[in-house]
Amino acid sequence: MKATAPKQPPREAVSSAKAQQMLKKINWTNYWRNVTKDVADEVDRYEAARAKSLRSVAHLVFR
Amino acid sequence: MLWPMYKRFVVEHVGTPQFKRRLARAVRPYTGNPLPIRATLKALRQRPYSSRTVVFEYDYVDKDYQSEFSTFYSLAFKKYPPRCVRLHFFNVEIPKNTTSDFRRYSKRYLGFIVIRPTDLQRMGRTVLRPPVIDRNKQFIHCLAEFPVHILGEKLAVRGMPFVQQDSQVGACAQASLWMLARYMSRRFGFRDFLPAEINQLAKAHMALGRPLPAERGLNFIQILDALEGMGLPSVYYAWNSVDDCSRHIEQAFPVNPNAPEEQREQQLKLQRIAKLADIAYRYIESSLPVIFGTADHAFVGIGHTYEPSTTAQVAIQRIPAFFINNDNTGPYVEMRLFPQQPELLSFLDVRTVIVVSPREVTLRGEEAEAMARRCVVRFLNTEIPGQSGQTVGGLVATEFRPDLASCLSSLEFRTFLRSSVEFQADLRQDIKKERLNATIGDKLLRLDYPKYIWITEVSSSILLNKPKRKERRCLGRVIIDSTAPAKTRGQMVIHIADFLQLLDRQTGKAHDWEHHPHTTPFAHKLLT
């Protein structure tokens, strides 16, 4: 009788399982707190740029 | 001989002596700046237009000129005619005795120019097809369809409206406002605004002497007032106020603090210009025209060229030039960002940008991209606990997708606004043509979106440096709710390097990350 090799799970399933394991270890609350803070800082800088902009170009006349 | 009660059309073949005589009679005397009409007529003779026939439509009632006429010209001592001549261009030879059935030539219709019977700068409302020769490198995004009627037969031209200032009812600022507003009315459902109305709205809050003649132009605040009056939400930036924002540009356009002062100033100038161009680019990419202002002139940004062979760190490095509608020079003019010839108008002369968006969009493009960039970069840089400093990005590059390693080391972000209906139609096409994984496509298709969404594509030079536009791809994308307050979690979808997360905007819940092997890269979105 011919011996059959044990069935291996597909490579993609292995990598997905490994990825899921990795994802579970991460503290996502921290992640989102950091992302939100980064964005808020950047938004503040744009806001400040707009406020300064009006003062610096209000006198320009386009004709 | 036709009785005057009949509508008069005359067909002429380009280049013939009769055509030249008739054109001269329609256009002359042309006092003031003749550059736009000369440049446009010259372009129409050349590729890609190759215009062969012009149909002269006499006694044309142009509603924009009617507005100028009733506000100004009808009050003058000189008897200005109330009607115009409209020139229709075709790139086919139409028999000279043709009197009807122009619709037969609709596919060869190139657009029209209205010639106003004024003393100065007679090039009125103009809509022409965009003169795109290389679709892999030229992208004119601000295009809307304008219906045209010849003896009750409907033709259409898809283009960006252009007008030259007449200098009496409007200067360059009013001309730019008119071009932007007319386009927005066709593309985004705003109403049409006429030249006299625009001038009035601009001067409604800040009286600076007589409103007409309007040769004094408008100041920056009056432009904002006009946009406000037309219901077009606007946001503005000035070149010397952007030093603290758009920090992602600084890696590609650095300022060396140890360089000699003159060199440092030059570097800072380039960096500021790149930041301003980066802000404008997102809106132009979204088919939203941008008003650019130099120290004394305003014009409208409507598209850009693209250089795929550049090794870029930021998207703006791939943009050698913007296409502009400049009332001083004509429609669809290329304006380089960083020119070799300093005497030509370039983006280095730009001091201000004013961007507009549909009413429903409250989140700005630059803020949407900040949301996208931050969540992607943080995700890839997140350290995996217990794996001695290994990051998600590192693990992707070494274990899950080594083929993407070189892409992950240098990411480029490209952000644009899209209506959710168009986005869903794009998804269907992408799934059908196997340009996007069907499982991912289906998940994205079924989500509930606001009317407009900001989409940030994440890519890299390796995936974008392709001469053919259809071969350009991206590593992922982030979809942002365009109505989200700027400092909240506005992300709806994050799909990067095979990882997917969906976020519920109603409950604020972030669903668990999923891993979908080999669902990236996928096709980069073509917007024209």
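1. B:Ser287 counts as buried, because its relative accessibility is 5%, and buried means under 20%. The model discussed in this note is predicted. The position of B:Ser287 is the loop that runs between α7 (261–285) and β11 (290–293) of chain B. Although B:Ser287 is not a glycine, its phi is positive, at about 65°.

2. A positive phi also occurs at B:Asp59, a residue other than glycine, where the value is near 55°. B:Asp59 belongs to strand β2 (residues 53–60) of chain B. With 45% relative accessibility, B:Asp59 counts as partly exposed. As background to both residues, most residues other than glycine have a negative phi.

3. Two cis peptide bonds may be noted. The bond from B:Leu212 to B:Pro213 is cis, with omega near -10°, and B:Pro213 sits in the loop between α5 (195–202) and β9 (218–219) of chain B. The bond from B:Thr520 to B:Pro521 is likewise cis, its omega being near -10°. B:Pro521 is found in the loop between β22 (514–515) and β23 (522–523) of chain B. In general, most peptide bonds are trans.

4. On domain organisation, chain B is divided into domain 1 (9–133 + 144–160), domain 2 (233–356) and domain 3 (365–523). Between the C-alpha centres of domain 2 and domain 3 of chain B the distance is 27 Å. Domain 2 of chain B contributes 20 residues to the contact, and domain 3 of chain B contributes 19 residues.

5. The largest nonpolar core contains 174 residues, and those with the most contacts inside it are B:Phe56, B:Phe292, B:Ile316, B:Phe322, B:Phe347 and B:Phe379. Helix α4 (residues 172–188) of chain B supplies the largest share of this core, 11 residues. A second, separate core has 18 residues, among them B:Leu427, B:Cys474, B:Ile479 and B:Leu500. In soluble globular proteins, nonpolar side chains tend to be buried together.

6. The largest pocket holds about 750 Å³ of space. Its lining consists of 30 residues, and B:Ala39, B:Pro331, B:Tyr332, B:Val333 and B:Glu334 lie nearest the centre. Two or more lining residues come from each of α2 (35–45), β6 (138–140), β13 (321–326) and β14 (330–336) of chain B. Of these elements, β14(B) gives the most, with seven residues. The lining of the largest pocket comprises 18 nonpolar, eight polar and four charged residues. At least three residues of this lining come from each of domain 1 and domain 2 of chain B.

7. The second largest pocket has a volume of about 430 Å³. It is lined by 17 residues, of which B:Leu23, B:Arg28, B:Arg38, B:Leu41 and B:Arg45 are the closest to its centre. The elements giving two or more residues to this lining are α1 (17–27) and α2 of chain B, and α2(B) provides the largest share, six residues. By class, the lining of the second largest pocket divides into 11 nonpolar residues, one polar residue and five charged residues.

Conventions: Residues numbered from 1 in each chain as written. Chains lettered and ligands numbered in written order. Predicted model: local features only at pLDDT ≥ 70, side-chain atom pairs only at ≥ 80, totals over all residues. Heavy atoms only, no water. 1 Å grid on protein atoms, 1.4 Å probe; cavity = no way out; pocket = protein on both sides within 12 Å on 5 of 7 lines; lining within 4 Å. Points joined across faces, edges and corners; volume = space filled by probe spheres on them. Helix = DSSP H or I, 4+ residues; strand = E, 2+ residues; numbered from the N terminus. Nonpolar A, V, L, I, M, F, W, Y, C, P; charged D, E, K, R; others polar. Domains from an automatic or database assignment. Core = buried A, V, L, I, M, F, W, Y, C linked by side-chain atoms within 4.5 Å. Buried < 20%, exposed > 50% of the residue type's maximum accessible area, 1.4 Å probe, protein only. Contact = heavy atoms within 4.5 Å.
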